[in-house]
Structure formats: structure tokens, C-alpha cells
Amino acid sequence: MRYLIASIIAVIAVIATTRASLPERASQLDPLSWPEAISRAGDFVSQLTLSEKVGIVSGGYLSPMLACVGSIGAISRLNFDGLCFSDGPAGVGRSDGVSLFPAGITVAATWDRDLMYRRAVALGEEFRAKGSHVLLGPSTGPMGRHARGGRNWEGFGPDPYLAGVAMNASITGIQSTGVQACAKHLVANEQETQRTSTTSNGSVIEAVSSNVDDRTLHELYLWPFGNAVKAGTSTVMCSYNRVNGNYSCANSDLLTTILKDELAFPGYVLSDWFATHSTESSANAGLDIEMPGNVSALAGPAYFGDALLDAVNEGLVLEERLNDMATRVMTPYFRLGQDHDFPTVDPASGPVFLVYQYGHQSPLSALYPEVNARDVRGNHAEVIREIGSAGTVLLKNDNGTLPLKNIMNVGIFGNDADYPTIGSAFLDIGNHPEGFEYGTFAIGGGSGNVRHTDLISPLEAVRDHVKGYGGRVQIVLDNDQLAEGSFKTIYPVPDACILFLKAYATEGADRPSIDLQFNATRAVESTAAVCPNTIVVVHGPGTVLMPWADNENVTAILAAHYPGEQTGNSIVDVLWGAVEPSGRLPYTIPNTLSDYGPDIVESPESEAPDGWQSDFSEGQAIDYRHFDSLDIAPQFEFGFGLSYTTFNMSAILEVSILDNVSSVADKSLGIEPGGLIDLWTVVAKATVEVTNTGNITGLAVPQLYVSFPQDTTPKGTPIKVLRGFDKVALDAGETKVMSFELTRRDLSFWDSDGTEWVIPKGAFTFLAGFSSRDLRSRVLVAMLP
């Protein structure tokens, strides 16, 4: 929804006067301890008036505000300049002079902890240099329960372990630059359809309720948030939807019992924009700050601000609770050193925001004179290009089609190849949720969209590369022409026809299908009928159908996801072998949509105001867990990806168990952010040998899965779950021993009756391989004596 109300915030924002040059790169910092930061925040809050305390927890309440998508105004008498909140997970939203980074699903496809971290550091550097205190990301909600989910691409996929690793690396990297990370969206907001309340004939229709059992919530949807809290996330954003009947941002079970008590989260809970529906019930449930708050009468009601002040004065919200709210908001500010030498907001933020929303002829333009933006990109194109390649998954490669040699006649086909005809950002998603027809999809839509400053299209990069060694290119960009089989302008038939196809996904709408768009299937079939060496490159949000994958003339398929601004260079690096396609699928590709599992709820159960209900009756059986539970054969399984070399794995998988492992965590060791300390204790270690059996150096991605004993765990236990992975470079013929450490949490199930994590009795099956279906070694081991 933030993309819908950007204009309102832009209009009322006040631009801070500041230098236009790029601030120096922030050195990697060591944050204060949580207790020390809490103490400093408490001292600060103790000096505030009641109204100022309310202002700290109410967006847009204190003046002047900052030119940001959300802000807390300044308190000049205490030398507090305010807080700037900015979208989003893939770059500084609605800005100029910034980088467009690969989407979360692309990063997940790298299966590379180092790249996850390096991307996050680069993101943090750009947000800091723009004067943004809070980066509204990373996202692990939605996870991807539904293949058609409109925002799946923003996060790290449907597996909680992989998503948890990515959350940890992302938060650690962002906050190493002194910028606050915001883990979002809590929780189970798995569809865009009716994600928030609407009005019909004067009646309020409540948001869809995600009805999730306690065990599924803990083991699946909350799992990566545990990693986020453990990593020290500054804030957690509650989502639009209801959870088990109550709005997430007023759900005390979620915000207080689980997040603040069970996970010992010491930071603050931030509402999504306009996700607050009440005052005292939200504050008392655990919501610490409302966004965007009291920005304009046109924007709709605000539930904190004056309403919260009245609630405190009337005793409906205790001042003690208000003090806790304000202290929590200020704690990360001091913890990350934002009270010293933090850059002011880029003076171009306001005019860019205004033009982005209203254009250059707006009567408000005089209030926001055009100035040059700080260019904060630095050398970030390098890591963006690297991630774009590393997140590309090679799904098919018949007869060693790839890498391409210096073939002299190359066809560049498809409407995804060229620079977007709509310019640097697509804004018309309300009328065209399918996206724009001509131009590459480098990112999805909504608040996670980023206005690119420079984008290298596939057409540009491929053409430059081929011409660089003296080859020629032939081009057809109209998918309808391709679908009709009209290749009259192509002669001779290219040695390789690279066909770029795409699928769009955006906040605010779920995908109508998981087919590739713009007549893609017929475009493939017609191209392959003419060109016996057709290479298909797909830019999309994740799961898409590929009914043409077995066509013998489709010799190679690459899932390149949303790679960011270096999309063209990234794919050229893979196609011609400058780098290896080391990506692996962080989701499953089915043969049909019906194979994938539960679909989007598209209509209410009843005409009652709370008629929208989504029952998560499948429990933990989503994505590959669903395919395993029903023994459905996928087209391409979770964890799958080919390489330009080959790998093997030893049949011997060794698992060593620590002595005297108990069934439950030792509570006497205490609790810290992330939950009981003993939950994070390493209790087992698995080792297996991996060998490069090919002729060139390559990157292997060995994966460890665990099957819990079915007879001593509750009904609904998945057949197997991912519990370890690594990415390792191996020279031709080289063998390395891979090690996977497993924590107590990794080998426990959530006992809803006892409200604790439990390691079950019986034999666990540990399985190692190269995907969820390509398992090379296994061993049975009992964890308990």
C-alpha cells in the first residue's frame, strides 16, 4: 500500500538542508550491547514530555517531518533530528542516484551466505548515504505458500531454514553500516487479495484471516523471524492481514507472547503503512509505532498521535507502556550509533518523490526545486552483477549447449530482452498488474520496486558481447510476431537463438496464473520450430510453468529471476561461461498449478464483515514438503540446478552427536534475543565428501535434509526438511569434506501442548545430496540416549 500513498507523504514532507555530496562510506561498526542501548534510550525518553513520547511512536506527529516514506519528527532541544524510514528490500525506493539490487528470491537462489551478506552491506551503505535510518527490509513474509502470491519475489522463498539463513546474513550486513534493518511482514501474509480491510456500500470488510495452528506457525512461518531476532534486527513490521481472527498489528499472541516474550525481542514493532486499526488495543497488544501516522487528512485516520495521547490521559494505555514503546523505538538508534555523524536526508529526496508521483508539471513543483541527487552507488554494480549471475539457475543444458563458444550468428528474441519502454520504473500497476509489454523485468512492482539510475539490458549486453568478437546479431522483440512464426526477417537461421521471456509480480495483486506472459508458450514453440538451438532465459518472480521444457529444440533453460540493474551483464557472464551458473532453485517448479498445493483465497466464505478466511489446513506441507507428502513429481525440484561441470558425493554420511543431549532446552542458561539460549546450541555435526568429477572448476551446493522420526512426532511432521547447505568451489578432480552444524532448534519440533521445543525419541534420518530429490547418502541416528 505504500506505493499508493507515496504522494501524500511527499506533499507534506519537509526537505532538510544538507550537502549534496556523497557521505563517506560508513565503516563496519560494532553495535552497543542491547542492555547499554536500552539504558541510553531510557535516559533519553525520561527527558521527554508526554506529547513528545507520543511523537516518538507516531509517524508524522512531530514537525518538521523528513522527506521519507515514513518519519519521526525532530526534537531539537535534545539534538534529535528524527528518523527516516525508506523502502525497500532491493534498494532505496523513489530515489535517484541509487542502485537497483537483485530481488530477495534471486539472492536466495544463490545459496551463498557471503553474497547474501555483501548485498546487504551494499544496501546499507546506500541507505545510510541517503540519510535513511531504517531500511524497510529484509522480507520473509510472504514465504510463498501460494505459487501465485504477488510478493513472493521480495523474500527468500518457502523454506524456513534457507530463509532464516538469508535473514541472518541480510540483517547482519545492513546493520554493520549503522542502518536499522526491519524484518517483515509478521506473519502469514501469504496473499495480496483482500490483504487489508476494504469498504463496500459503506460497510467495512475485514482483511483475510490467516488461520494457522501453533505448531505450523512456529516451525514454518515464524522460524525465519527467530533468525532475524537472533541476528539483532532493530524492528519487526507487522502485516496487514489478520492472524487467527485478529489483526497482526493488534495481536498480543504474536507481538507480545511470541515476539517479545518467547523470542525476547528488545527492539520495536512497526506497523505496515495503514495496517493499524485501533488505538489502545494495538498499543496494549505490543505495537510500538504506527506508520505513516498523522500525515494528512486525505491519507485517512491515524490511531496513534492525538488518539494515543488521549488514551494515555484516560488511563486506557498506561504511561508505563508508552515509555516502553518510546524506549524500544529509540534503542536501535543508540545501539547503532545513529546519534553521531549520521548523514542528513538527501535534499533531492523530496523533488524526486514529487516527480515520481505527479510529474514535472505539478503545481507543487515550486515547493520542491530540482537539485542533483547524491549518487550513492559506488562500486555496487560489481556485487549486483555477481549476484545476478550466481542467482541464475541452469535448468536444462542438452549436449553441453552452454557455455556458448564464440558463435558468429546469434538471435536475440523476445519482449524481455530490451530496455523497458516505460523508463526507469513501472508505475501503472493498478491498471496493468501484468506489467509492461516491452522491456526486461529486472524487479517486481509495488513498494519493493526501485527506480533504476542505470540498467544494462540483455539486448545491450548480448549485442555488445557478440559484436566484440566480430559476430552478428539478429533481433525480433515482438512476442506476437514470434508466436505467429513470422521469421521472414531472419536469415540465415542463427547458430543460437536466445529467447528472453518474463513474468511480472507486484504488491497489491496476486498473479492471475503462473504462466509466463505475453504469448510466451507459443513464442517458444514457434522459435524452436525454426531454430534447433533455442536457449530460453526467464526473468520472473519464482515459480512459473514451462510446458515446453521437454521440446528437443529447446536446448537450454535458465531461470534468472529478477537480477537487478546489471541483468544484461549477469546473463552474458553465464551464457558465455565467464562464470558458472551456480544458482539452485529456492522453490519448486510444478508441472501444473494444481500440483503446487493450496491456492489463493479469492472470495469470502460468507457475506459477514469477517467472511474472508484462509485456513492453513495443509500445515507445514508447502512447496517441496507438499510434493513429498503426496509423492508428486515436480518438473524441477527444490534445490535443483545444473552446472558446467559435474559433482559426486560420497555414500558415507557421518553424524556425530554431542554427549548428554536432553529432549528440551536447558532454561537455566537463560534467554536472549532469539529465544532460549540453549535452542541455538550445536548438538550435532554431519560431514560428507563432495568431489568435482568434471573437467573445470565449479561451485557445488551440497544440501543436508533431516527426516524426523514419524512415530514420536505429532501428525503433520514433514517427510524431510532442509537443515544445512553450503556453497563450495572445487577444482576439477578435487574433493572436500563438507560439514554441517545442527542446533537444538534444527532437530526439535514445537510441542504446542507444552509450549516448548522438543527433540523426539527415535531415529532421525539424515540425508545429503544436491537437491531435495537428488539424495546421495543417508544415515539413521538417534539423538537421545
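Author: The following account takes the cysteine pairs in turn. The model is a predicted one, and the count of disulfides in it comes to three. With the bonded cysteines numbered in sequence order, the pairing reads 1-2, 3-4, 5-6.

C68 is joined to C84, with an S to S distance of 2.0 Å. This pair links distant parts of the chain, 16 residues apart: C68 sits in the loop between α3 and β1, and C84 in strand β2. The torsion about the S-S bond is about -110°, so this disulfide is left-handed. Because buried means under 20% relative accessible area, C68 at 4% counts as buried, and C84 at 1% is buried too. Strands β1 and β2 pair in the antiparallel sense over three bridges; β1 is an edge strand of an open sheet of six strands.

C238 and C249 form another disulfide, their sulfur atoms 2.1 Å apart. C238 belongs to strand β8, whereas C249 lies in the loop between β10 and α9, eleven residues apart. This link is right-handed, with 105° about the S-S bond. C238 is buried at 0% relative accessible area, as is C249 at 1%. Helix α9 lies across β4, β8 and β11.

C497 and C531 are joined with an S to S distance of 2.3 Å. Their torsion is about 105°, so the disulfide is right-handed. C497 lies in strand β15 and C531 in the loop between α17 and β16, so the pair ties together parts 34 residues apart in sequence. C497 is buried, with a relative accessible area of 1%, and C531 counts as buried at 1%.

C182 is in no disulfide; the nearest cysteine sulfur, that of C238, is 9.2 Å away. C182 counts as buried at 0% relative accessibility.

Definitions and conventions: Residues are numbered from 1 along each chain as its sequence is written. This is a predicted model: local features need pLDDT of at least 70, side-chain atom pairs count only at pLDDT 80 or more; totals for chains, interfaces and linings use all residues. Side-chain values use heavy atoms; hydrogens and water are left out. Two strands pair if DSSP finds at least two bridges between them. Helices (H or I, at least four residues) and strands (E, at least two) are DSSP runs, numbered from the N terminus. Contact means heavy atoms within 4.5 Å. Axes are lines fitted to C-alpha atoms, for helices over the stretch in contact, and angles run from 0 to 180 degrees between N-to-C directions. A disulfide is a pair of cysteine sulfur atoms within 2.5 Å. Buried means under 20% relative accessible area, exposed over 50%, partly exposed in between (1.4 Å probe, protein chains only).
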